[in-house]
Amino acid sequence: MTERQNSLEGITDLQDTVTPFGVQLRAKYKRTGAYSTFNDRVPVILTRVIDSLSRDKDEIVKKYGKSSSEDVKQVIGYISKLKNEIVTNKPLIPLICVPDESPEDKENIKMWNDYLEERTKIEGKVPTWYNTVVLYAECYSYRRVIEGFKLTKTLRSYDPFAKLKEDSFDGSTASAIAVANYTLGQVERAQQASSAELKHELAKFLRLSLWGNRCDLSLSGGAENGQIGNPLELLNALEKDLLVDDSNFVWDVLTKAQKKGGQVLVDIVLDNAGYELFTDLCLATFLTAHNIANKIRIYVKDSPWFISDVTTNDFHWMIERMNGLSNPDLNQLGKLIKGYLESGAWSIEEDAFWTTPFPFMEMSQRDPTLYAKLSEANLLIVKGDLNYRKLVGDVNWEYSTNFLEATKGFLPTNFVSLRSIKSNTCSGLKSEQGQYLDKIDPSWMLSGQYGLIQGTIDACICSKTSS
Ligand SMILES: O=P(O)(O)OC[C@@]1(O)O[C@H](CO)[C@@H](O)[C@@H]1O
Ligand SMILES: [Mn+2]
């Protein structure tokens, strides 16, 4: 047992168990990924932020001016304190509202502070890092990092993870080139492909986008985790790790919508920048080039989030990068994507809800405008592990619990989750599937090895027509 674990014993009611079934994940359950979130990962991530600020100080001063030197020091102090609060399991504290805060920031701070009060009531005491639900505490940890920068004068919009995200894409360019080449080949066949071929290819692009989700940086604590090899050649070998495959449902939803006439609208809630974003854009390109979707709205985060999540800046950075690299396929695909954005076939959408701690079942009350907007879409594609946790309320469901039951009424439209499994929550498996995996590999839910293409197949909303 490490020194930190010893000191934690005295200040939390740590339990040497997994999370009981039907209960929300909390870091106090020691045999879970939630426990390592605060015992290992987040402190390591914070140390990395501190190190990168010290390392990049001169560069920052050059870009943000002389007074940013003091701001860098201030943020380093802030993040060191935050790290200490976590490792000593201190109570969560309200966010600070400075006098010249923008109206949006004020509203956002109020939301977080109101929620702290709400959770204090629910739990009968002020939440602490290990004792409260980890979905809230983990989201709050990233919101605190944002606050560290917002409290400065010059670094309010500094993204401490930008370089990591950029390096991650640069480390995956050989794989991206292979996928770009394949995607362009599909685009060229736009008029000739039969319906059976398109269905087959859609399943392929869904898989590429799903397995792209293995490349997140928060699970690796910020350590490089890009894609290597030719992802198309890897697809067959990965098939055994695909636990649920509702690709046919996705095809059915889209083609039924097409037959009804009118516009087919697809919403994509993105997860990570770098190679994962690249695969998502290839999926979207496939849908647009073949007129399977007429309009695609792509949702990004409004602030740096869980290290690798896509912000608007990351999105634009990647297109610039694709156009700047000396590879004709990346250049051509980059131009195509830029064109889709310029023509309005695609749009980048920000919404503050994606950087809140709320499970999606609460969206209709907490952000009714977003819920109504998503309900305009024929299909919603939800990327990644954190979004899956939010979809199913971050509960340790019995594995065979129906996916729709686990999402507890969140159903703005048909949706599909593309997720490589990295946390202790999973629903909609065949009975015995999860128990079998528990037996052969106790950490199967944390490795990202296994994946889901999981749709709301039992609630097909097929009457929808957008115009
Ligand atoms: O949502 P993503 O990018 O697929 O995964 C984010 C993630 O790595 O971060 C958390 C670990 O701290 C886990 O919930 C999850 O596995
Ligand atoms: Mn992520």
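## Ground rules

Helices here are DSSP runs of H or I with at least four residues, strands are runs of E with at least two, and both are numbered from the N terminus. This is a predicted model, where local features need pLDDT of at least 70, side-chain atom pairs count only at pLDDT 80 or more, and totals for chains, interfaces and linings use all residues. Residues are numbered from 1 along each chain as its sequence is written, chains are lettered from A and ligands numbered from 1 in the order in which they are written, and side-chain values use heavy atoms, with hydrogens and water left out.

## The overall build

The protein chain has 19 helices and seven strands. Its radius of gyration (over C-alpha atoms) is 22 Å, close to the 23 Å from the globule rule (2.2 Å times the number of residues to the power 0.38) for 467 residues, so the chain is as compact as a globular protein of that length. The C-alpha trace spans about 65 × 55 × 40 Å along its principal axes.

## The manganese site

D271 (OD), N272 (OD1) and D309 (OD) coordinate the manganese ion (ligand 2) at 2.1 to 2.2 Å. Donors are N, O and S atoms within 2.8 Å of the metal (3.2 Å for Na, K and Ca), and since water is not among the atoms, sites may look incomplete. D271 sits in the loop between β2 (265–269) and α12 (275–289), and D309 in the loop between β3 (295–300) and α13 (312–324), so this pair ties together parts that are 38 residues apart in sequence.

As for accessibility, D271 counts as buried at 6%, and so does D309 at 2%.

## The largest pocket

A pocket is an open set of points on a 1 Å grid over the protein atoms alone, where a 1.4 Å probe fits, with protein on both sides within 12 Å along at least five of seven lines; lining residues have an atom within 4 Å of a point.

The largest share, eight residues, comes from α5.

## The second largest pocket

The second largest pocket holds about 580 Å³. It is lined by 23 residues, and Y158, D159, F161, A162 and K163 are the closest to its centre.

How values were computed
Buried means under 20% relative accessible area, exposed over 50%, partly exposed in between (1.4 Å probe, protein chains only). Grid points are joined across faces, edges and corners, and a volume is the space filled by probe spheres set on the points.
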